[in-house]
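Me: I am new to this structure. Please take one part of it and look at it closely, then show me what lies around that part.

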Amino acid sequence: MTKLQDTPHRYGPVSRALHWGMAALFALQFLSAALHWALPRENAWREAFWFYHADLGIALFLLVLLRGVWGLANINQRPSHTGLAGKAANAGHLAIYLLMIVVPALRLLASAGSNRGLSFLGLQIFPPQQPEIPWTQIAAQWHGELGWVLALLVLGHIAIAVGWHHLIKRDGSLQKMT
Ligand code: HEM
Ligand code: HEM
């Protein structure tokens with residue numbers, strides 16, 4: 001039977017499925033945010049790509065919690081990074097993790113205090129608040145700003161993994177996750 005856990009040489013099948021599955025879902029999530037930001041309100045593409053943003057965002061939030069628990073359970077046996085570059089890699093991964101949690105959590109907080117409430121796949125999670133709780137709405141703005149910071153970090157992460165490790169250094173780093 002295939003080993004599910006990570007090893008010091010390679011991330012295991014569970015970590016790889018979570019990494020690549022979530023990478024594909026994050027691409028869709030950033031696409032919906034980019035079209036929401038770039039296109040005018042009544043545009044049909046903007047509407048079409050926006051309808052899933054909240055549901056997919058909540059799904060990603062649940063998935064990152066699962067991934068965090070799995071990562072912690074494997075912390076002593078996953079590929080480790082040494083030296084200064086390794087410390088930078090660890091700090092970068094940690095920053096991505098923190099933002100993957102904080103970005104959706106802020107928007108959930110804003111929804112919990114809003115007069116529209118929130119549903120996930122048609123099930124109500126937060127009922128509408130009457131009146132709205134004003135301080136919770138500040139979180140909505142931070143959600144968008146930090147969402148873009150996460151997008152930039154992820155672009156840097158991809159550039160380092162593919163550009164630096166795979167194409168320039170050719171050190172087999174990418175193979176740990178493939
Ligand atoms: C990791 C998951 C998520 C990411 C990366 C993300 C990213 C973003 C970004 C970058 C924006 C700014 C778009 C713009 O400037 O027009 C945005 C806006 C928005 N997001 Fe998300 N989002 C996520 C999860 C969620 C969740 C869970 C919800 C709902 C509960 C949500 C609801 C919204 C709404 C309503 C807006 C419009 C602006 C606002 O009122 O805050 N997002 N999101
Ligand atoms: C084409 C896209 C991507 C490529 C080629 C890629 C490549 C990699 C590689 C090679 C590793 C292993 C690094 C190591 O331990 O030395 C890794 C880890 C990681 N990647 Fe990506 N990645 C991509 C997309 C993403 C996205 C979209 C996210 C998050 C939104 C992400 C978040 C992470 C995190 C947090 C780790 C640390 C290991 C873990 O706990 O999962 N990656 N990535």
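This is a predicted model: local features need pLDDT of at least 70, side-chain atom pairs count only at pLDDT 80 or more; totals for chains, interfaces and linings use all residues.

Reply: Residues are numbered from 1 along each chain as its sequence is written, chains are lettered from A and ligands numbered from 1 in the order in which they are written, and side-chain values use heavy atoms, without hydrogens and water.

Start with ligand 1. To be near, a residue needs a heavy atom within 4 Å of the molecule.

An oxygen atom of ligand 1 is 2.7 Å from a side-chain N or O atom of His-36. For Arg-107, the distance from its side-chain N or O atom to an oxygen atom of ligand 1 is 2.7 Å. With His-143, a nitrogen atom of the ligand takes part, at 2.8 Å from a side-chain N or O atom. Helices here are DSSP runs (H or I, at least four residues), numbered from the N terminus.

What is the shell made of? Ala, Val, Leu, Ile, Met, Phe, Trp, Tyr, Cys and Pro count as nonpolar; Asp, Glu, Lys and Arg as charged; the others, Gly among them, as polar.

Ser-32 sits in helix 1. Its relative accessible area is 0%, so it is buried. Buried means under 20%, exposed over 50%, and partly exposed in between (1.4 Å probe, protein chains only).

Next, ligand 2. It has 21 residues around it; Tyr-11, His-19, Tyr-97, His-157 and Lys-176 come nearest. An oxygen atom of ligand 2 is 2.6 Å from a side-chain N or O atom of Tyr-97. Lys-176 has a side-chain N or O atom 2.9 Å from an oxygen atom of the ligand. A polar side-chain atom of Arg-67 also lies 2.9 Å from an oxygen atom of ligand 2. Helix 1, helix 4 and helix 5 each supply at least two residues of this shell. Helix 5 gives the most, with 5 residues. The classes are 13 nonpolar, 5 polar and 3 charged residues.

Last, the salt bridges. There are 2 in the structure. Each is a side-chain nitrogen of Lys or Arg within 4 Å of a carboxyl oxygen of Asp or Glu. Asp-6 and Arg-78 form one of them, at 2.9 Å from N to O. Asp-6 lies in the segment before helix 1 and Arg-78 in the loop between helix 3 and helix 4, so the pair ties together parts that are 72 residues apart in sequence. Asp-6 is buried at 1%, and Arg-78 is buried at 19%. Lys-169 pairs with Asp-171 in a salt bridge, with the closest N and O atoms 3.9 Å apart. Lys-169 is partly exposed at 45%, and Asp-171 is partly exposed at 36%.

How values were computed:
A polar contact is a pair of N or O atoms within 3.5 Å; within protein, one must be able to donate a hydrogen and the other to accept it, and residues adjacent in sequence count only if both atoms are side-chain atoms.
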